[in-house]
Amino acid sequence: MLKRRIPLMLTLVLGIAMMIQFFIPHRYSQVIYDTSIEWYRIAYSFAFILGLSSFITHHWRKIRHKKEGWHYSPVALGAMIVMTVVGLIGLTPGMNWLPVNWQGQQVSVFTYLFRNFYNNMMVPLGATMFSVLAFYIASAAYRSFRAKSLISILLLSAAFVVMLSIIFYNVLPLGDIGEWVLSVPNMAAKRGIFLGASLAGIATSLKIILGIERGYLGGTK
Amino acid sequence: MNLPFSTDWWVWIAAICTLAMFSILYRDNPIYRVAEHIFVGLALGYGLSITWHQALWPIALRPLFVEGQLILIIPFCIGLLFFTRIIPKLSWLVRIPIALALGWGSGVSIPRVFRASIFHQMKASLVRPEMFEGSVWPGIWAIILLLGILATLSYFFFSRKEKGPLTPVSKVGIVFIMIGFGATFGLTVMSRISLLIGRVQFLLRDWLYIIPK
């Protein structure tokens with residue numbers, strides 16, 4: 001019983017305390033808030049390490065049991081280990097082991113590798129992965145968009161106007177029409193949805209603090 | 001000798017990574033899968049290095065073990081509780097850091113969301129007399145904006161059965177929502193297209209020198 005009650009009590013007490021803190025315009029109140037943010041950052045950097053250990057376990061099991069696609073797991077683990085090593089050593093302030101020339105300055109070979117892995121591998125891989133979505137979005141739109149009713153025509157027209165206004169921004173009046181669509185009807189819908197989502201977020205937060213929403217506790221024990 | 005392509009081997013690596021990712025457009029293949037796994041591994045290694053250098057070492061380990069700020073044992077121990085999920089008998093303790101995070105996050109967010117996302121948004125949506133000074137159009141657009149927000153909100157009002165005066169208002173709401181979704185779709189497509197242009201520019205300009213720099 002305590003296994004569920006203690007976390008619920010902690011959520012209630014901390015939630016109410018942090019809400020009250022917001023309304024106390026005192027230096028100490030601000031100190032408490034700043035300290036809590038710092039403690040939060042410390043405690044939850046361990047969550048990242050836990051996620052990392054899950055990643056390693058997952059790929060290690062795949063390799064051990066030779067599951068489907070296990071050949072790619074050493075690649076992922078290898079890339080992770082290499083980037084971690086060069087990052088941990090290369091980002092250390094004042095690091096100058098094995099100096100090499102990088103853009104006219106002397107840096108450690110670890111710093112050099114870290115920057116190049118980031119600029120010439122991570123960035124191109126990430127940008128290309130998201131740019132490929134352009135093809136999928138276009139193909140999905142071609143298959144699913146049909147101007148069958150007034151509201152579907154509105155959706156299609158708004159999409160075309162915004163796209164054309166970006167392409168032909170300097171060709172009047174396309175740029176102006178596109179800006180109007182974005183700042184008036186689009187903004188009205190976005191703001192309406194945003195207000196609703198914010199109210200829903202507040203309601204969910206209250207449910208968590210009051211212990212009505214307790215899905216995060218997992219199981220029943 | 002001037003070669004018609006880049007001789008920087010890091011540019012070649014970036015080009016190979018780009019082409020490997022584009023190979024998915026043909027079909028799922030081992031080259032794409034290798035590139036995908038390299039990306040995941042690099043991203044995790046990058047995240048770990050940044051977490052260490054920006055959080056764990058400067059605000060946790062150094063103050064605690066080098067500068068002797070013993071009070072930091074508390075967040076340190078809360079963080080360590082995450083690892084109790086590995087030990088079956090103590091696994092329930094992992095609920096404590098999660099409960100603290102949710103309690104803290106909820107308590108911090110409620111008043112701030114009220115202020116930033118409700119009051120400030122409502123204030124920005126009000127029609128004010130000065131909007132009609134000079135030209136009448138900004139005032140008219142502000143009225144349309146306000147009516148659009150109210151109509152959109154009425155579309156998502158499920159507490160009462162949709163009948164009476166609420167029906168035409170929510171029908172106007174769906175018009176605004178569809179324009180909003182269309183505009184969002186257009187913006188998303190254009191952002192992906194600009195990424196695609198960036199990658200093609202890299203291949204043709206920085207790697208193959210087909211486009212002049």
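**Contacts between the chains and within chain B**

H37(B) touches H59(A), Y72(A), V75(A) and A76(A), leaving aside residues up to four places away in sequence; contact here means heavy atoms within 4.5 Å. This is a predicted model, in which local features need pLDDT of at least 70 and side-chain atom pairs count only at pLDDT 80 or more, while totals for chains, interfaces and linings use all residues. Residues are numbered from 1 along each chain as its sequence is written, chains are lettered from A and ligands numbered from 1 in the order in which they are written, and side-chain values use heavy atoms, with hydrogens and water left out.

H37(B) lies in helix α2 of chain B, residues 30-66. Helices (H or I, at least four residues) and strands (E, at least two) are DSSP runs, numbered from the N terminus. With a relative accessible area of 11%, H37(B) is buried; buried means under 20% relative accessible area, exposed over 50%, and partly exposed in between, with a 1.4 Å probe and protein chains only.

The contact between the two chains involves 107 residues of chain A and 105 residues of chain B. The size of an interface is often given as the accessible area lost when the parts come together. Chain A and chain B bury about 10000 Å² between them, with 82% of it on carbon and sulfur atoms; buried area is the accessible area (1.4 Å probe) that two parts lose on being put together, summed over both. Across this interface of chain A and chain B there are 14 residue pairs in polar contact, both at pLDDT 80 or more. A polar contact is a pair of N or O atoms within 3.5 Å; within protein, one must be able to donate a hydrogen and the other to accept it, and residues adjacent in sequence count only if both atoms are side-chain atoms. On the side of chain A that touches chain B, α4(A) gives the most, with 24 residues. By class, that side of chain A has 77 nonpolar, 23 polar and 7 charged residues. Ala, Val, Leu, Ile, Met, Phe, Trp, Tyr, Cys and Pro count as nonpolar, Asp, Glu, Lys and Arg as charged, and the others, Gly among them, as polar.

Chain B itself is divided into domain 1 (1-68) and domain 2 (138-213), with bounds that come from an automatic or database domain assignment. The centres of these domains of chain B, taken over C-alpha atoms, are 33 Å apart. Their contact takes 11 residues from domain 1 of chain B and 8 residues from domain 2 of chain B. About 850 Å² is buried between the two domains of chain B, and carbon and sulfur atoms give 75% of that area.

Side chains of opposite charge can pair when their charged atoms come close. The interface of chain A and chain B has 0 salt bridges. R33(B) forms a salt bridge with E36(B), the closest N and O atoms being 3.8 Å apart. Because R33(B) and E36(B) are 3 residues apart in helix α2 of chain B, about one helical turn separates them. R62(B) and E67(B) also meet in a salt bridge, at 3.7 Å from N to O.

Technical notes
A salt bridge is a side-chain nitrogen of Lys or Arg within 4 Å of a carboxyl oxygen of Asp or Glu.
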